[in-house]
Amino acid sequence: MKVLVVDDHTLIRAALHAVLKQLKREAVIFEASSGREAMHIVEEHPDISLILLDINLPDRDGFSVLCELRDRYAKTAVVILSSSDDQDTVRRAFKLGALGFIPKTTEREVMLNAIELVFSGGVYIPLEILEKTACPRHANEPVAPDSLKRLGLTDRQIEVLALLMKGKSNKVIARMLNMAVPTVKNHITVVLKALGVATRIEAVIKVGKMGWEWPPKSGS
């Protein structure tokens with residue numbers, strides 16, 4: 001497995017190198033300090049599996065690097081690293097095809113779990129970002145599964161949505177719910193349509209805004 005870490009700070013690259021080696025001791029890890037250097041490495045090693053990409057690079061906007069990677073190396077997973085976690089930045093990253101967003105303030109254990117999730121085919125959105133997207137609600141007005149049922153979702157589709165919110169991949173959802181992958185895909189299509197969104201990430205953010213969580217808290 002090959003991984004590329006793109007950040008202009010040597011200490012951050014060293015820290016991420018250590019995290020990656022803890023997860024995948026056999027991984028071959030490349031490092032780049034600029035967008036130009038990153039693209040040069042990817043051109044030489046098109047079989048890179050994962051790229052951890054800082055969006056604040058010295059020579060070009062990290063989002064433009066992300067766009068180029070998605071256009072030219074669509075099969076390579078890209079996770080954004082950022083010192084900013086505002087909602088617009090997060091939305092833009094996922095809209096452009098990132099499979100994860102990790103604030104640089106993230107604790108080591110959480111970062112390990114996030115990268116491992118992406119390695120396994122999932123999508124990582126930090127809990128604190130989901131919390132920021134949630135609309136203020138009265139404590140006695142939680143969003144219950146019944147609210148989602150009024151959108152036309154079945155209990156099974158709500159279970160799929162719950163696992164979707166945790167970043168689980170279609171294969172993992174299928175295994176956990178004991179169903180075929182095509183069935184999971186069909187459920188996700190229905191969920192996206194009911195929520196009025198086009199992507200899994202938009203669904204997660206919209207449900208986060210609704211204040212819904214699964215399983216519901218006691219008494220909700």
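How many of the 220 residues of the protein chain, as a percentage, count as buried? In this predicted model, the share of residues that count as buried is 45%. The protein chain exposes about 11,500 Å², of which carbon and sulfur atoms supply 52%. Among contacts with a separation of 6 or more, 63% are made by residues 24 or more positions apart.

**The sheet and the helices across it**

The protein chain holds 11 helices and 5 strands, and the 5 strands form an open sheet with parallel pairing in the order β2-β1-β3-β4-β5. Because β2 (28-32) and β5 each have a single partner strand, they stand at the edges, and one side of each is left without a neighbour in the sheet. From one strand to the next, the twist averages 20°. Within this arrangement, β1 and β3 pair in the parallel sense over 4 bridges, and Val 6 has Leu 53 in β3 as its bridge partner.

Helix α1 lies across β1, β2, β3 and β4 and runs at about 165° to β2, while α3 lies across β3 and β4 and runs at about 160° to β3.

**Helix α5**

Helix α5 comprises the 12 residues 108-119, which at 1.5 Å a residue should span 16 Å, and the separation of its end C-alpha atoms, 16 Å, agrees with that expectation. Its buried residues are Met 111, Leu 112, Ala 114, Ile 115, Leu 117 and Val 118. An α-helix has 3.6 residues a turn, so residues three or four places apart point the same way. The buried residues of α5 pack against α1 (10-23) and against the strands β3 (50-54), β4 (77-82) and β5 (100-103). After α5 comes Gly 121, with a positive phi near 100°.

**Salt bridges**

Side chains of opposite charge can pair when their charged atoms come close. With a cut-off of 4 Å between a side-chain nitrogen of Lys or Arg and a carboxyl oxygen of Asp or Glu, the count comes to 9 salt bridges.

| Asp 47 | Lys 2 | 3.3 Å |

Asp 47 forms its salt bridge with Lys 2; since Asp 47 lies in the loop between α2 (35-44) and β3 and Lys 2 lies in strand β1 (residues 2-6), the pair ties together parts that are 45 residues apart in sequence. Asp 47 counts as partly exposed at 46% relative accessibility, and Lys 2 is also partly exposed, with a relative accessible area of 23%.

Asp 7 is buried, its relative accessible area being 0%, whereas Lys 104 counts as partly exposed at 28% relative accessibility.

Asp 61 is partly exposed, with a relative accessible area of 36%, and Arg 92 counts as partly exposed at 42% relative accessibility.

Beyond these pairs, Glu 43, Arg 60, Glu 68 and Arg 72 are linked in a network of salt bridges.

Conventions:
Residues numbered from 1 in each chain as written. Predicted model: local features only at pLDDT ≥ 70, side-chain atom pairs only at ≥ 80, totals over all residues. Heavy atoms only, no water. Helix = DSSP H or I, 4+ residues; strand = E, 2+ residues; numbered from the N terminus. Buried < 20%, exposed > 50% of the residue type's maximum accessible area, 1.4 Å probe, protein only. Contact = heavy atoms within 4.5 Å. Areas by Shrake-Rupley, 256 points an atom, 1.4 Å probe, with all protein chains shown as cover. Expected span 1.5 Å × (residues − 1). Pairing = 2+ DSSP bridges. Axes fitted to C-alpha atoms, helices over the stretch in contact; angles between N-to-C directions.
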